[in-house]
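Hi there,

Here is the structure I promised to pass on.

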Amino acid sequence: MRLKERPKWQELLPGCVIDEPGNSVNYKTGDWKTLKPVVDKQKCIRCGTCWIFCPEYAYEEDEYGYFNPNYDYCKGCGICAVECPARCIRMEREEE
Amino acid sequence: MVEIRFHGRGGQGAVTSAEILALAVIEEGRYAQAFPAFGAERRGAPVLAFTRISDEPIKIRIGIYEPDIVVVLDPTLLKSVPVFSGLKDNGLAVINTNKGAEEIRKIEGAKGTLVLVDATKIALEELGVPITNVVMLGALLKGKPELAKMELVEKFIAERFPKLAEQEIKAFRRAYEEARVEG
Amino acid sequence: MKRVGIEVSIAIAEAAALAEVEVVSAYPITPQTHIVEHLAELVANGELNAEFITVESEHTAMSAALGASLAGARAFTSTSSQGLALMNEIVYITSSMRAPVVMALANRSLSAPISIWNDHSDVMNERDTGWISIFANNGQEAYDLTFMAFKIGEHPNVLLPVMINFDGFILTHVIEPVWMFDKEEVKDFLPPYEHPYKLDVDRPTSHGPVGLPDIYTEAKKQQEEAIRNSRKIIDAVWDEFAERFGRRYRAVEEYYADDAEIVLLTQGSVTEAAQVVVDEMRKRGKKWGVVELRLWRPFPFEDLKKVLCNNNIKCVVVLDRAISFGGQLGIVMSEVRSALYHEKNKPMVVGVTAGLGGRDIRFDEYVKMYEIGEKCLKEEKEPDKVIIVGLRE
Amino acid sequence: MIEVKRPKEAFLSVFAYRMAPKEELFTRGHRACQGCGAALGLRHVMKAAGRNTIVVNATGCMEIVSSPYPYTSWAVPWIHVAFENAAAVASGIDAAIKVLKRKGKLDPNKKINIVVFAGDGGTADIGLQALSGMMARGHNVLYVCYDNEAYMNTGVQGSSATPYGAHTTTTPAGKVKFGQGYWKKNLPEIAVAHGIPYVATVCPSFPLDLIRKVKRALELPGAAYIHLFAVCPTGWGIPPAYAVKAGRLAVETGIFPLYEVEYGRYRLTFDKKLKPVEEYLKFQRRFRHLTPDLIKTIQERVDAEFARLRVMEEATNRPDYRSVSGI
């Protein structure tokens, strides 16, 4: 059942059970960041390092095998930029 | 209602005596209650166990302070424990002893009808150990046969001691035979 | 049904076995031990198809029971006193997470000084943990109520844990006659346990989330409604039991309350002892009665008012077997008094405390409790403090 | 010299990461801090454990960030009860699954993993008794301690897993004290002492090693313990971007040795020449007060521990070695 953020007491399941597995995907953490990763696909070797080390799994693989950051979830930690063996990820200011 | 207090030492089986008696009574369709004094005593320490017997459901659950019958499983307790305490004047004292009634009557507070049996001797001869719980039930029934049916008591002795049933029942019967009721 | 002489602890264990409990997690503590020892024996002999977890503390006993219950197994535990106090944290969580664990509570006093003997300090310490809490007076009731506890707690409209209280030693260690069922007789009485949101890999659910201030109030209100509504199921289960097996249980039990002037309000095994006193004293012209508060939570407000505000009863002497230090002393007394507060024809409420830490309450002490009531009536003064009966001073 | 068999190094190439399971069962939208090593670790563990897993979570960072009602980051059944009892709750679930399978209420052939996640406080301190009970009884449970070396959820208080010399809010470095005054409690060794089939240390900076070990732990029957080194940028005072790097340095300096113990048999899974501990310590705010003397003391301890592990590995891999588990 679709749970509300501010339910009435009658709308809670017994014991506040949550019966929508993994529904935190509806909660966007993308607005936490001040810096965002930008991938230079010219240099990218499609190794997946950014994807494996992202605590948010914000990187999504596209049909060409590239991994692209999903800014809805990326918190801007910058691990990908540090770990990328091809040095193809740059952290840029969010507002730019 | 008949209230019985068993005096023994931890590990000697006073609780077992109280229980077997109660089970025999319950089996008959009557009411009984058996319980230990809820102490923290260890093996060897003087202990108490109680049985209440009645034709009506039993609602009282406190210890027995004024028993109709006391049963003393170990002769050494006579020296150290006031076993006659609270015993009704017309009560019954079933005592494991090799002494005569006169000696027992000398104990302070001694009263009631005495049922005397050398239970330790019987236990040693029949069971090889000085455990007198079952033996004393024989003496108790000699003193007050209407308490419970012999065969039902024997049934629960056999249930409790499946491997020693024959010897235990023999000792129980022997105590019934050998116990002396002294006005 | 078969009438057998049995130690009450063993009968309680047999009641759990009759309910085919699936997970038993328990830690030894006097005077609860015989209950779980017997269950361990049944499991060891293959007579009960269950997992017996020999946990390393009562805290874990309740935690494991909670886990098992939410994983879809019928879970049982048993404890006393310090064990219950140690579990306290998880006792509260178990009801909040709606796990219908059944706990047999052999009531015992709390330290210090250490006392292994009976009173109601342990259960009163857990009064507000959200469990359904029921008192048994004798072996038969302990057996019946333990068995029925599963049906009550597991009902889909309830899903709450149930604790059955019976006096430690005074009941647990007594051999007495108990009518016991065989499995066939009760076969369709207790349906199989199904938790609607159990931990199921095919239907994942999350249990025990963080409740931000936006949620917590609603969560607690829901829990409160659940235990309040459980009353309907409790009555229905007890009614069905009475119809099928002939033994009737009520939230408030009365004994000569209809024409009594003074009643003693009791919980647990002292109830029957007080009845003996009433029987005897009625012969001597005393219009006394006994009222037992069998159902402790949910508190049976309406039943109690109906019984106590019958225009005959002028005084109810509430016998507490625990102390609320620095408060009104009498925990049950305070609750009874506040339950009657708005009634016009309410009797005077007098509090007495006795039988702490295993001290026997003797016949003359029960008489004294009624006499305290008589005295208060005569003086027309409701005392604001509980009187301890049987105290050396 | 006895030759020790090592697991094949998974780092064939950087592309090996692509072979990690794709399914994400610890889902995004969780509210862990930027660069959280624990969240990354949990993600990897869940990749290895797969869908047929029940997760038991102790109170702590990962529980708080993953379940603020009505959101859950768990795509598998998940339960949180309290702080100190995750192993106990898991014990109950294990018992339930066993009996329900025996009774045919659950498919007896379906493998259901039970994985506990608890922090170092919930494991080394308040939950140690419940964990010990669970391991002693041999429940079929994988207990993963994500060790971020302090009570991070409540604001960086010292735990018995806080490393020697580290500054926390309850072991502050002051004029007369230098931070945590005793050595980190060795939880993997406590687990080994229980004689359980599998104990391992992992670090999410080595994801394929982590995934392999989790799979192995779940493969073996009985209790398993995995100690997961979880870098906490917030609590340790490092930039979030260096979280993975910090974990790697912890392994490379021997601060956090990677090894596994299967039926009592030790195996170092990272055994190279160690870098000086200073490289690891120097960029963390929690260690910045350390004097050269203290760093030397730590270096000696790390060297000794690593040497001890090598001895254990050698000794337990001799042909005549028999573990208490009989294998």
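Chain C has eleven helices and 16 strands; these are DSSP runs (H or I of at least four residues for helices, E of at least two for strands), numbered from the N terminus. Before you read on: this is a predicted model, where local features need pLDDT of at least 70 and side-chain atom pairs count only at pLDDT 80 or more, while totals for chains, interfaces and linings use all residues. Residues are numbered from 1 along each chain as its sequence is written, chains are lettered from A and ligands numbered from 1 in the order written, and side-chain values use heavy atoms, without hydrogens and water.

On overall shape, the C-alpha trace of chain C spans about 70 × 55 × 45 Å along its principal axes. Its radius of gyration is 21 Å, which agrees with the value near 21 Å for a compact globule of 393 residues (taken over C-alpha atoms; the rule is 2.2 Å times the number of residues to the power 0.38).

Inside, 65% of the 393 residues in chain C are buried, meaning under 20% relative accessible area, with exposed over 50% and partly exposed in between (1.4 Å probe, protein chains only). Of the contacts (heavy atoms within 4.5 Å) in chain C with a separation of 6 or more, 82% join residues 24 or more positions apart.

Is Glu37(C) buried or partly exposed? Glu37(C) is partly exposed, because its relative accessible area is 44%. Its C-alpha atom lies 9.4 Å from that of Ala26(C), eleven residues away along the chain.

Cheers
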